[in-house]
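Student: Please give a close account of one part of this model. I would like to see it set among its neighbours and the spaces around them.

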Amino acid sequence: MIARRVASSVVQRQVNYVTPVPQGSARGLVDTVYTQVAQEMRLVVPPAQLHSPSPEVLAAYWMVMREPLLPTQNVDRATKEAVAAAVSVANICPYCVDMHSVGLYELSTEHDAEAIVADRISEIADRRLRTAAEWGRTAHQPQTSRPVLPFPERDHPELVGVVVGFHYIARVVNVFLSNFLLPPGLTPRARRRLKRGIGWVLQGTLRDVREPGRSVELLPPAPLPAEAAWAAGSPHVAGAMARAYAAFEAAGQRAVPPAVRELVVERLDAWRGEETGLSRQWCERLIAPLPEPERAAGRLALLSAFASYQVDEEVVTEFRRHQPSDAALVDAVAWASFAAARRVGAWYAPAGASGQH
């Protein structure tokens, strides 16, 4: 009990801008999700706690992360962790890169894990992992209108699900969590030694068999959007995505003005994974026509979707002048982040499925 309270306290100190629900105080849906996360991850990890001010969004986060990543019906966990780490590199999310390269220390090799960290994917020795990481690194930058996945069709729900989940969580983590999971002052040798130790400690969470569909009943049933038809071949991934898509959309309706949602979706419809660069002028130009009270929400939403690493205290403070609650902040960032993630997934829907939001 004491160890759990200490771990929870450390987690809370990693979360910026919102006050997470403490594990010992959680009730209802938050308590149910926390219990699942703690059972499967050894503790209620920071990405879960940061979502806790908005219970339905917390459940949606856990569903889109758990169901594609943890059960290994068709795709092994090492391949999924390679995709997750590569997507994290693409989103400039050092925290997520550290977390999922740690997993590869245990599931694969130190060499291959660090090749992904350094964005030198061509140096990965394991050809299977190299193929997965190469695809994950550029999955958001399709070269054709109907990109071809380098995997058997039966693997698509799990692997596209990992890509969608990590394009979502990397954005949210960039907004709410510290930049680094591991202490940034460590020497390369010390970092590798620490990763080896953490990987050994976490081997149960990485290797244990996971029951498919455990999280699906957290949220009420919803139809699977056509743009998520890539998930249809897996009942548990499809069920999780359908319900989570609905929950994220509801979050946007609560916290993001309609004109801002329309602006984000319009830009996503023309987006092919291009980076915005270091300047925010593109964002300021887009929100300039909005009424003044909506510009703060527009700025937060656009940056969360397209350049999450640029969301800072000033952006958050301006949003909270108009919507001060923790729940509204989580809802707005979650909606915008998932809008981008679902756009990435839409490229991998079977022919004939709609990519519209």
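**Helix α7 and its surroundings**

Tutor: In this predicted model, the buried residues of α7 pack against α5, α6, α8 (127-138) and α10. The helix runs over residues 110-117, and its buried residues are D112, A113, E114, A115 and I116. Just after α7, D119 takes a positive phi of about 60 degrees.

One of the packing partners of α7 is α10, the helix in which R191 lies. R191 has a relative accessibility of 18%, and because the limit for burial is under 20%, R191 counts as buried. Leaving aside residues up to four places away in sequence, R191 touches D98, L182, P183 and L186.

The surroundings also include open space. The largest pocket holds about 780 Å³. It is lined by 36 residues, and those closest to its centre are L43, V45, P46, M99 and L181. The elements that each give two or more residues to this lining are α1 (2-14), α3 (46-51), α4 (55-69), α5 (77-90), α6 (94-107), α9 (156-176), α10 (188-201) and α11 (203-207). The largest share, six residues, comes from α6. By class, the lining comprises 28 nonpolar, four polar and four charged residues.

Seventeen residues line it, with E153, H156, W230, Y348 and P350 nearest its centre. Its lining is made up of 12 nonpolar, two polar and three charged residues.

A word on confidence is needed. The protein has an average pLDDT of 92, and 95% of the residues score at least 70. Over residues 1-12, however, the pLDDT is below 50, and this stretch has 14 contacts in the model beyond near neighbours in sequence. Where pLDDT is low, the predicted coordinates should not be read in detail.

Conventions
Residues are numbered from 1 along each chain as its sequence is written. This is a predicted model: local features need pLDDT of at least 70, side-chain atom pairs count only at pLDDT 80 or more; totals for chains, interfaces and linings use all residues. Side-chain values use heavy atoms; hydrogens and water are left out. On a 1 Å grid over the protein atoms alone, a cavity is a set of points where a 1.4 Å probe fits but cannot get out, and a pocket is an open set with protein on both sides within 12 Å along at least five of seven lines; lining residues have an atom within 4 Å of a point. Grid points are joined across faces, edges and corners, and a volume is the space filled by probe spheres set on the points. Helices (H or I, at least four residues) and strands (E, at least two) are DSSP runs, numbered from the N terminus. Ala, Val, Leu, Ile, Met, Phe, Trp, Tyr, Cys and Pro count as nonpolar, Asp, Glu, Lys and Arg as charged, and the others, Gly among them, as polar. pLDDT is the predictor's confidence in each residue, from 0 to 100. Contact means heavy atoms within 4.5 Å. Buried means under 20% relative accessible area, exposed over 50%, partly exposed in between (1.4 Å probe, protein chains only).
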